[in-house]
Amino acid sequence: MSAVNADATRDVPAPGSQKPAQDPTGTSGADLLSRRSVQVALGAILPLCLLAAWQVLSSTGTFSFVQLPPPAAVATAGLDLIARGELWTHIGISVQRVLLGFVAGGALGIVLGSAVGLSRFAHAVSAPLIGAFRAVPSLAWVPLLLLWIGIGEDSKVTLIAIGAFFPVYTTVASSLRHVDVQLVEAARTFGYSGLRLLLTVQLPAVVPSVFSGLRLALAQAWLFLVAAELLASSMGLGYLLTDSQNNGRTDRLLLAIILLAVLGKVTDALLGLVEKRALKRWTA
């Protein structure tokens, strides 16, 4: 009996020594989630559920056609605008305004953010005023820009640039104040100083923070677009949004909202690709 018990105890693994269960497919959950196809499939779940709920609510009479037209009606409105040759014009003008304002506001944010982040004097002089302007709502700038610049493209791009400026300025100024002092001193011993030190050492050290600010700025630029296209616009998605509201075209109004969401996501994804390339180059 003792021999039998000894054999039995040899077959039982000691506590804590069990091997992890092997996945019969040879792939773990983390490996599956890293696959692009799986990410796309998971990301499509909520939009499809939202689309299904939208169809149910509009078809069962929970909301009237004026309140919530079905998805097919919104798609028909889009096809009608395409047939008229108007939709691509609206999209193209809005994208152009956003990109121009984003580039102008982002560039100015990097310049002033760098100055404030690297200079205590510049921080003491300008940070309180810029912080106060940051709290001004977007629509508050509209009448002033109309008075100063007029109703042309310049006023619209300027308003979008204002919206894009503050996220970049804030993140750059804050991150540069926390760059490793030893890294900066080591660069100075090799003769780096001024603009060369900023572009070679300090900005590359805060690349992730800079791109976080840029992505926030891009989202803010799309938010400011609607306010910008209130400035006597006759084209653009913001104009399509307000014109549809005034004419009771809820189908076109929803179409404009969906297009703004899609374009915002696409531009953010493209900026994310630029961020990955920048991180590989400057943080490798």
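A residue is called buried when its relative accessible area is under 20%, exposed when that area is over 50%, and partly exposed in between, using a 1.4 Å probe and protein chains only. By that definition R252, at 13% relative accessibility, counts as buried.

The structure is a predicted model, in which local features need pLDDT of at least 70 and side-chain atom pairs count only at pLDDT 80 or more, while totals for chains, interfaces and linings use all residues. Residues are numbered from 1 along each chain as its sequence is written, and side-chain values use heavy atoms, with hydrogens and water left out.

The protein chain has 14 helices and zero strands. Here helices (H or I, at least four residues) and strands (E, at least two) are DSSP runs, numbered from the N terminus. Of the 284 residues in the chain, 36% count as buried. The accessible surface comes to about 17,200 Å², and 67% of this belongs to carbon and sulfur atoms; such areas come from the Shrake-Rupley method with a 1.4 Å probe, and for residues only the protein chains shown count as cover. A contact means heavy atoms within 4.5 Å. Among contacts between residues at least 6 apart in sequence, 72% join residues at least 24 apart.

Just after helix 8, G150 takes a positive phi of about 100°.

The structure holds three aromatic pairs. Rings of Phe, Tyr and Trp (its six-membered ring) pair if their centres lie within 6.5 Å; planes under 30 degrees apart count as stacked, over 60 as edge-to-face and the rest as tilted. For F165 and Y169 the ring centres are 5.5 Å apart and the planes are at 20°, so this pair is stacked. F165 and Y169 are separated by about one helical turn because they are four residues apart in helix 9 (residues 153–176). Both residues are buried: F165 has 8% relative accessibility, and Y169 has a relative accessible area of 7%. Ring pairs link F165, F166 and Y169 into a cluster.

Charged side chains come next. The structure holds seven salt bridges, a salt bridge being a side-chain nitrogen of Lys or Arg within 4 Å of a carboxyl oxygen of Asp or Glu. One of them joins R252 and D80, whose closest N and O atoms are 3.2 Å apart. This pair links distant parts of the chain, with R252 in helix 14 and D80 in helix 5 (residues 71–84), 172 residues apart. D80 is partly exposed, with a relative accessible area of 30%. D80, R84 and R252 are linked in a network of salt bridges.

Another salt bridge joins D268 and R215, with the closest N and O atoms 2.8 Å apart. D268 is in helix 14 and R215 in helix 12, 53 residues apart. R215 is partly exposed, at a relative accessible area of 28%.

R249 lies in the loop between helix 13 (237–246) and helix 14. The side chains of R249 and D251 meet in a salt bridge (2.9 Å, N to O). R249 counts as partly exposed at 31% relative accessibility, whereas D251 counts as buried at 10%. Not counting residues up to four places away in sequence, R249 touches A77 and S244. The C-alpha atoms of R249 and V74 are separated by 9.8 Å, although these residues are 175 residues apart along the chain.

I258, V262, V266, L270 and L273 make a nonpolar surface patch of about 420 Å². Patches are made of residues with over 30% relative accessible area and no salt bridge; like charges are joined within 9 Å, and nonpolar side chains (Val, Leu, Ile, Met, Phe, Trp, Tyr) within 5 Å. V262 lies in helix 14 (residues 250–282) and counts as partly exposed, at 44% relative accessibility.
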